[in-house]
Structure formats: structure tokens, C-alpha cells
Amino acid sequence: MTSPLTLLGLPRRYRLWRPTHLRLIAADLLRPAAQSPRDRRAHLSAAIDWLCRAQDRRDGCADAGGVSAGWSFEDGWLPSYPETSGYIVETLLAAARVLDRPELTARAGRILDWELGLQLPDGAFPGHFGEPGSTPVIFNTGQIMHGLLAGHQQLGRDDCLAAAVRAAHWMVERQDPDGCWRRSVHNAIPHVYNTRAAWALLRTGLASGEPGLVEAALANLRWARSQASPSGWWRENAFRRGEAPFTHNIAYAMRGLLEGGVLAGDPELVESAACAARALVRAQRADGWIAGAFAEDWRPAARYSCLTGVAQIVLNWQRLEQLGVVGAWREPIERSLGFLARNQRLRGDGAPDDGALAGSLPIWGRYSRFEYPNWATKFLADALIMACSDEVVPPLPERASVEAGA
């Protein structure tokens, strides 16, 4: 685990002396105090309740309807985050069914209404928190498209599909001939994890019957597969060049390749994801812990665990098991679900951490340091939904008849 001595060198902006902050730090210092797992539906309900509170925190604000990006030591509750609010839509709709909570459907609708109001004339969505002047980003727009597709396919909203198609055409306009996105990307460098945006582009092409969108999505997925080293680790997958990618990034890349490969009927894309998934099985500790970042050849590059990434990795393992892809998935799934449950705060008091998952363990780990990002809790909820019901988030669509070239 990351040394507690790290705390001594951290900036004052984190306000480590505040009582709530000291409590959360102490909880990670005293690891034997980690809670015992409860029934999985209890963990799922707590995660969904936290997402609802994160949405309610924005009531009365200009960004009402969206979901707060999370809670942090530095800033408390953050503004609504368009990117992650987008794909939280599919989580709320699935939880409405699994937990028999129909009111969650209305919450999903509020997010969609807010997102539609943010779309720019060229079809893109603003990046960051959507504040004036925020630059559109391929990845962020793709994640909002996942929510729009949920609105169309699960709620019958044609306005959502129309918005997704406009966004898809913007993505294609920004794409290079080899399928890679090098414009409108984070830190102005390519990212393999944009496969999760390519997955949204592919879904949009299939839903709208536009072969050009399908072709563009597959071009990116094939470019991403070409970045794999012999061990299955992907180059060009970190937020910054020269850094080892977080497991968060790795799991994003895995999911996009996996689901894109399934939709396209391309076993090479599926196998690229499965190769990485098997490497992470080998890297998992007996208690479910996985390092927070990996360098080439799957060398652990962090002494903390990225809880967000662990939840996402579990989702990939669950899908691979569901699809019948060769691999020993069941025991790793159970180990990491237990690890996540022990580190999800179930306090029952509505505190900022009640029901949430931190970005890292310990909370001062480098990924989303001293934060409870909403996407960590979203991916935890998705994994628990699959564990409770075998339902996929988002639901598996019917295969469309759009033909894509080789």
C-alpha cells in the first residue's frame, strides 16, 4: 500500500486536518477496520442512493439534472459532469428494473434533458463541467452518446437518437484516416481508451442504419488493437506520454474493444480485450487487490489500487464469462467483488462517502486522489447489477443489418 508518509508532502489544498477528512484517512490507515461485505443488493442500493444524492446536490443550480462529478477533499461536492452523467443514465435504468425502483427512470430522464441542452451546434458536447469555453473532447462526447442511446432504446426517445447521430458525425469529422483520434483529445495525444467512444459510435451507426459511422468506429478499434504489445498491453493508453496507464484507462480500452468486437462479430477485437483481461487475472492478489497502474509487459507501476479500475475490470471479466470466452474468470470476479464491497462505505448516515467508492485505495493514491468520483460508484453499481441479475449495462442490443467492410 502507498506509504502514509506520502501524506506529509501533499499540498495544503486538500485540508487534511478537517474532521471528515481525518476520519476517511484513518479508515484507510487502519485496514483491519474495513467492513465485512453485506448482501450484494444492499451494496447496490447504497451505491444507487449515493448517485441519487449526487444528482440532488445540483438542484437549484444552473446544472440541475446532471449528476455531481463527486465529492472531494479540496472542493466538496463538485458541479455536474456531462461525460459521466451521460453513462450514468444506463445505470439508473438498469437499477430501476433490478431494484424495482421506477423513480430512477425519471432521474435518468432529467439527465437526458440536461445533456440535450448542452449539445453544441456542430454536434459535440462541451468537455469538463460544460462551463462556457470548455473544449469538446472525443471521449466525453462518446460517453454522453451511450446515455443518449439508452434514452432512445429504453425510453423510446427519438430526440436522443437524433442527438447521438449529430455527435457521431462530429466524431467522424475529427478522425484521422488510420482511425485514430488525434484532435479534440485529452492532452492532445492519442488514447487507446477512446475505444469506449468508438463503441458508442458503432452503436449509433447500428441504431441509425448509417454504415459510415460503423466503418469509422471499426477503424478506431482496429487502430487500437494495433497498439498492443506481444503481452497484450496497449501503448498510447495513458493520460500523458511517458506514464503508465491507470487500470481505469486499461479497463476502458478493454470494454470498448470487447463490446465493439462482439457487435462487429470480430474475434480479433474480442481477443485483444481478453488477452489484457487474462493478464490482470494473473496480476490480482488473493484479496482481490489490483495495482493502480501497469507499465509495459504488465509490470505493476503503483503501490495503491485504483478502485475505479477494479470495478471496471470486474465488469470486463463478467462479460467475458457471460460470452464464454476462454479464461478463469469466476474466482477473480468473486475476489474483486469482495474487495470492492469491503471498501465501499456503507454508513447509512448520508455522509459524502456513504455508499460511495473512492477513486483509490488508500484514498491518497494517485488516481482521483482524495475524491469519490461518481464514475467509480457507477461502475461498482454496474458490476453489482450483473452479479445480482446477470443483466448487462447497457443491455445487449439486437444485431443490426448494417454491413461493414473488412
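Q: How are helices α11 and α13 oriented relative to each other: roughly parallel or roughly antiparallel?
A: Angles under 35 degrees between N-to-C directions count as roughly parallel. In this predicted model, the axes of α11 (residues 307-323) and α13 (residues 374-389) cross at roughly 30° and come within 8 Å. The two helices are therefore roughly parallel to each other.

Q: Which hand does the crossing of α11 and α13 have?
A: The crossing is left-handed.

Q: How do α3 and α5 pack?
A: Helix α3 (residues 82-98) and helix α5 (residues 138-155) have axes 6 Å apart, at an angle of about 30°. That angle makes α3 roughly parallel to α5. Their crossing is left-handed.

Q: What residues form the contact of α3 with α5?
A: On the α3 side they are Pro82, Glu83, Gly86, Tyr87, Val89, Glu90, Leu93 and Arg97. On the α5 side they are Phe139, Asn140, Gln143, Ile144, His146, Gly147, Ala150, Gln154 and Leu155. The contact residues comprise eight nonpolar, six polar and three charged.

Q: Why do residues three or four places apart in an α-helix point the same way?
A: An α-helix has 3.6 residues a turn, so such residues point the same way. For a case here, take α1 (residues 19-29), where His21, Leu24, Ile25 and Asp28 are buried. Seen down the axis of α1, the buried residues fall within an arc of 100°, so they line one face of the helix.

Q: What do the buried residues of α1 pack against?
A: They pack against three strands: β1 (70-72), β6 (360-361) and β7 (371-373).

Q: Does alanine 62 count as buried or exposed?
A: A residue counts as exposed when its relative accessible area is over 50%. Alanine 62 has 87% relative accessibility, so it counts as exposed. Alanine 62 lies in the loop between α2 (40-56) and β1.

Key. Residues are numbered from 1 along each chain as its sequence is written. This is a predicted model: local features need pLDDT of at least 70, side-chain atom pairs count only at pLDDT 80 or more; totals for chains, interfaces and linings use all residues. Side-chain values use heavy atoms; hydrogens and water are left out. Buried means under 20% relative accessible area, exposed over 50%, partly exposed in between (1.4 Å probe, protein chains only). Helices (H or I, at least four residues) and strands (E, at least two) are DSSP runs, numbered from the N terminus. The arc is that of the directions from the helix axis to the C-beta atoms. Contact means heavy atoms within 4.5 Å. Axes are lines fitted to C-alpha atoms, for helices over the stretch in contact, and angles run from 0 to 180 degrees between N-to-C directions. Angles under 35 degrees count as roughly parallel, over 145 as roughly antiparallel, 65 to 115 as roughly perpendicular and the rest as oblique. A crossing is left-handed if the near helix is turned anticlockwise from the far one by less than a right angle, and right-handed if clockwise. Ala, Val, Leu, Ile, Met, Phe, Trp, Tyr, Cys and Pro count as nonpolar, Asp, Glu, Lys and Arg as charged, and the others, Gly among them, as polar.
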